[in-house]
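This report looks at one strand and its pairing partners, and then at a few backbone angles that deserve a careful check. The sequence and the structure are shown first.

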Amino acid sequence: MMATRRRVLAAGGGGLAALALPGRPRAAAVELVEMRGTTRGERIWFAPLGLAVAPGTVLRFVNRDRGNSHTATCYHPDLFGRVRRIPAAATPWDSGFLLPEESFEVRLTVPGVYDYYCIPHEMAGMAGRIVVGGPGDPGFEGPAADRGDIDPAALATLPAFDVLLARGRIEGGEGA
Ligand SMILES: [Cu+2]
């Protein structure tokens, strides 16, 4: 049996206090994002590609791809000098390399759009987008405008902000 690596980070302030705000939908305990791939590795992707969650939600990334190690890594200057694509007040996260069936958890409390990618597979379009809260939340920061410091394949993979917000979840995947 494969050892499971689990780390929990508190990204940004707020924590559980955010759950107690009146009128806010109660955050799900955990939302799952899987790293997947075809058997021969021709395609790899995050499933879902896009997810809208309430502030305070814990994301759990799990590598379900038997053939590859993957990371979930924010676009942020503190992580390999990338242009920031998460809210300014949020703490960037990097899962490190997850072997098959390993997982990584991060709690997202700061409202806004978070774009992330897989370090070895960004050029293959392995990227995803999370929206925390919505434009009505104080300090909500929309999608990054920068198009220069992200691989074109990854940029093309990211779900459109308005579509993601409307649907709450974009699966994408092998046929996308
Ligand atoms: Cu990957």
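In this predicted model, the side of strand 9 to which A127, R129 and V131 point is opposite to that of G128, I130 and V132, and all of these residues are buried. Because six of the six residues of strand 9, which spans residues 127-132, are buried, the strand is largely enclosed by the rest of the structure.

Strand 9 pairs in the parallel sense with strand 4 (residues 50-53) over four bridges, and within this pairing G50 has R129 as its bridge partner. With strand 8 (residues 112-117), strand 9 pairs in the antiparallel sense over six bridges, where the bridge partner of Y114 is I130.

Backbone geometry is the next topic. Most residues other than glycine have a negative phi, and most peptide bonds are trans. The peptide bond from A47 to P48 is cis, with omega near 0 degrees, and P48 belongs to the loop that lies between strand 3 (44-47) and strand 4.

Positive phi values in residues other than glycine are listed below for F80 and for E101.

How exposed are F80 and E101? F80 counts as exposed because 11 other C-beta atoms lie within 10 Å, and the limit for that class is 12 or fewer. E101, with 15 other C-beta atoms within 10 Å, is partly exposed.

Note on methods
Residues are numbered from 1 along each chain as its sequence is written. This is a predicted model: local features need pLDDT of at least 70, side-chain atom pairs count only at pLDDT 80 or more; totals for chains, interfaces and linings use all residues. A residue is buried if 20 or more other C-beta atoms lie within 10 Å of its own, exposed if 12 or fewer, and partly exposed in between; C-beta atoms are placed from the backbone. Helices (H or I, at least four residues) and strands (E, at least two) are DSSP runs, numbered from the N terminus. Two strands pair if DSSP finds at least two bridges between them.
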